[in-house]
Amino acid sequence: SFLASLSLDEPSAEADGARVQAFFAEMEAAIRGHPLWADATHQEIDHALEGLEKYIMTKLFDRTFAASPEDAAADAEVSDKIGLLQRFVRPHHLDIPKVLNNEASWLIAVKELQKINSFKSPWEKLLCMMSCCQVINNLLLNVSMTNDRTPSGADEFLPILIYITIKANPPQLHSNLKFVQLFRRETKLVSEVEYYLTNLISAKMFIINVNGHSLSMEESEFQKHMESAKLGTQMSVASPSSSQGLATSTSGLQKQIDAEG
């Protein structure tokens, strides 16, 4: 009945989100107050509500995920920006200490984030984000214990997450974050989950607004890197078969930029 009533109205992400959240709250109250669920444990009820969320949002996926031209444009903007940054951003640009450089752990985090479009429910998408962040958090904990150093919390966590996001270039990042924010049950977006989601949103905003100062370099140097990256991207699109020549030409251009820097 809820799905049918929603289909009668024009799609609107924020309005749909509010109606879905109200429906989830109503159903949770109905389940908790129903005689058949009187002896159910908190975990059993939670599992039922997770199943309900997954069912509803799978049915509504085409209506609610990246459904507007604005979302598509935002996704393309973020993806294109990351594609350019991938060509020259390195850990030291984000002030990541060498002791935290761990390619094996970073690769695991990258792969977790890249899985995000394999799922249609907000919870499963959020799990991909959580898994990525937990890999980073475990790395920080392990390094702090091994090297007898005090973890710096967000001061070290966020730069690594930004770098992982750049390396991963997760598909439709804007739409995935928006989808989780609007349609994951609000009572579940708390504590550790809220912290990790907030940090990933911050990583996205950092990427959108990135400049020379953000990457510990002069603005003129940053602009040269971006122009070089754009040229490399254009050449890749124009002549994908001549990757060897591209590598040589962009490498030479990069050396020139580094020398001038």
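Is E112 buried or exposed, and what is its relative accessible area? E112 is buried, with a relative accessible area of 18%; buried means under 20%, exposed over 50% and partly exposed in between, for a 1.4 Å probe and protein chains only. The views below show a predicted model, in which local features need pLDDT of at least 70, side-chain atom pairs count only at pLDDT 80 or more, and totals for chains, interfaces and linings use all residues. Residues are numbered from 1 along each chain as its sequence is written, and side-chain values use heavy atoms, with hydrogens and water left out.

**View 1. The salt bridge of K115 and E112.** The closest N and O atoms of this pair are 3.1 Å apart. A salt bridge is a side-chain nitrogen of Lys or Arg within 4 Å of a carboxyl oxygen of Asp or Glu. K115 is partly exposed, at 37% relative accessible area.

**View 2. The salt bridge of D46 and R185.** The N to O distance is 3.5 Å. D46 lies in helix 3 (residues 42-59) and R185 in the loop between helix 9 (173-183) and helix 10 (191-208), so the pair ties together parts 139 residues apart in sequence. Helices here are DSSP runs (H or I) of at least four residues, numbered from the N terminus. D46 is buried at 16% relative accessibility, and R185 is buried at 4%.

**View 3. The salt bridge of E53 and R184.** Here N and O are 3.0 Å apart. E53 sits in helix 3 and R184 in the loop between helix 9 and helix 10, 131 residues away. E53 is buried at 0% relative accessible area, and R184 is buried at 1%.

**View 4. A network of salt bridges.** D46, E50, E53, R184, R185 and K188 are linked in this network. The structure holds 14 salt bridges.

Note on methods. Helix = DSSP H or I, 4+ residues; strand = E, 2+ residues; numbered from the N terminus.
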